[in-house]
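Open the model in your viewer and keep the sequence panel beside it. We will go from one selection to the next and say what is there at each stop.

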Amino acid sequence: VVALQSELTAFSFALAARGSGLIAHSCAFILPDGAGVLCPGVSGAGKTTLARLLRDNAPAIELLTDDRAVVTLEERLTLWGSPWPGSARVAGEGSAPLSAVMFIRHGNAVGLRVVSPVEAFRRMVNSLSMPLWEPGR
């Protein structure tokens, strides 16, 4: 586990230092139309539960990860799977243009709502691996 955490930390810093991407604590998948969806969240938000539900009930959706997704910026924002699965053991190798970000949380109600840019930023920052010593990032 320590070696895995060290590898994840090193990779996170290398991506960020090159200005080419970040790792998001998230569930990520590709819709049948090729659109990439990132579902970031803190531990306990429901990332693994969502991955399991999609795996068991939506075979046309390609799961990328249930725990750590890579997001890069080259010509466009691209979503990638990673070799670091969560407890659902999802570690996909695919990639897709990042088309949507959906914040999830456990609860009894089902619904969607648009969040403000400020709230979206706050939620994203809580799920990203990035070097905080670089104020410009």
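Two strands are said to pair if DSSP finds at least two bridges between them. Helices (H or I, at least four residues) and strands (E, at least two) are themselves DSSP runs, numbered from the N terminus.

This is a predicted model, in which local features need pLDDT of at least 70 and side-chain atom pairs count only at pLDDT 80 or more, while totals for chains, interfaces and linings use all residues. Residues are numbered from 1 along each chain as its sequence is written, and side-chain values use heavy atoms, with hydrogens and water left out.

**The whole chain**

Start with a cartoon view. You will find three helices and seven strands, in the order α-β-β-α-β-β-β-β-α-β from the N terminus on. Of the 137 residues in the protein, 39% are buried, where buried means under 20% relative accessible area, exposed over 50%, and partly exposed in between (1.4 Å probe, protein chains only). Contact means heavy atoms within 4.5 Å. Among contacts with a separation of 6 or more, 57% are between residues 24 or more positions apart.

**Select 21–30: strand β1**

Nine of the ten residues of this strand are buried, so β1 is largely enclosed by the rest of the structure. Now bring in its partners:

- Strand β2 (residues 36–40) pairs with β1 in the antiparallel sense over five bridges. Phenylalanine 29 stands opposite valine 37 here. The two strands form a hairpin with five residues between them, and glycine 34 in the turn has a positive phi of about 95 degrees.
- Strand β3 (residues 62–65) runs antiparallel to β1, joined by three bridges. Look for alanine 28 opposite threonine 65.
- Strand β4 (residues 68–73) is antiparallel to β1 as well, over five bridges. Leucine 22 faces valine 71, and histidine 25 has arginine 68 as its bridge partner.

Like β1, β4 is largely enclosed by the rest of the structure, because five of its six residues are buried. β4 pairs with β5 in the antiparallel sense over four bridges, with leucine 73 bridged to leucine 77. The two form a hairpin with three residues between them.

Which cysteine sulfur is nearest to that of cysteine 27? A disulfide is a covalent bond between the sulfur atoms of two cysteines. Here it is counted as a pair of cysteine sulfur atoms within 2.5 Å, and a search of the whole structure finds zero of them. Cysteine 27 is in no disulfide; its nearest cysteine sulfur belongs to cysteine 39, 5.2 Å away. That distance is too far for a bond. Cysteine 27 counts as buried because its relative accessibility is 0%, and cysteine 39 is buried too, at 2%.

Serine 87 lies in the loop between β5 and β6. Show its surroundings: serine 87 touches Thr48, Arg52 and Asp66, not counting residues up to four places away in sequence. Alanine 51 is 36 residues from serine 87 in sequence, and the two are 10.0 Å apart in space, C-alpha to C-alpha.

Arginine 89 is in the loop between β5 (77–80) and β6 (95–101). Check its backbone: arginine 89 has a positive phi of about 65 degrees although it is not a glycine. With 63% relative accessibility, arginine 89 counts as exposed.

**Last stop: the largest pocket**

A pocket, on a 1 Å grid over the protein atoms alone, is an open set of points where a 1.4 Å probe fits, with protein on both sides within 12 Å along at least five of seven lines; lining residues have an atom within 4 Å of a point. The largest one has a volume of about 980 Å³, a volume being the space filled by probe spheres set on the points, which are joined across faces, edges and corners.

Of the 27 lining residues, the closest to the pocket's centre are Phe103, Ile104, Arg105, Gly111 and Leu112. The elements giving two or more residues to the lining are β2, α2 (47–57) and α3 (117–125); α2 gives the largest share, three residues.

Finish on leucine 112, found in the loop between β6 and α3. At 76% relative accessibility, leucine 112 counts as exposed.
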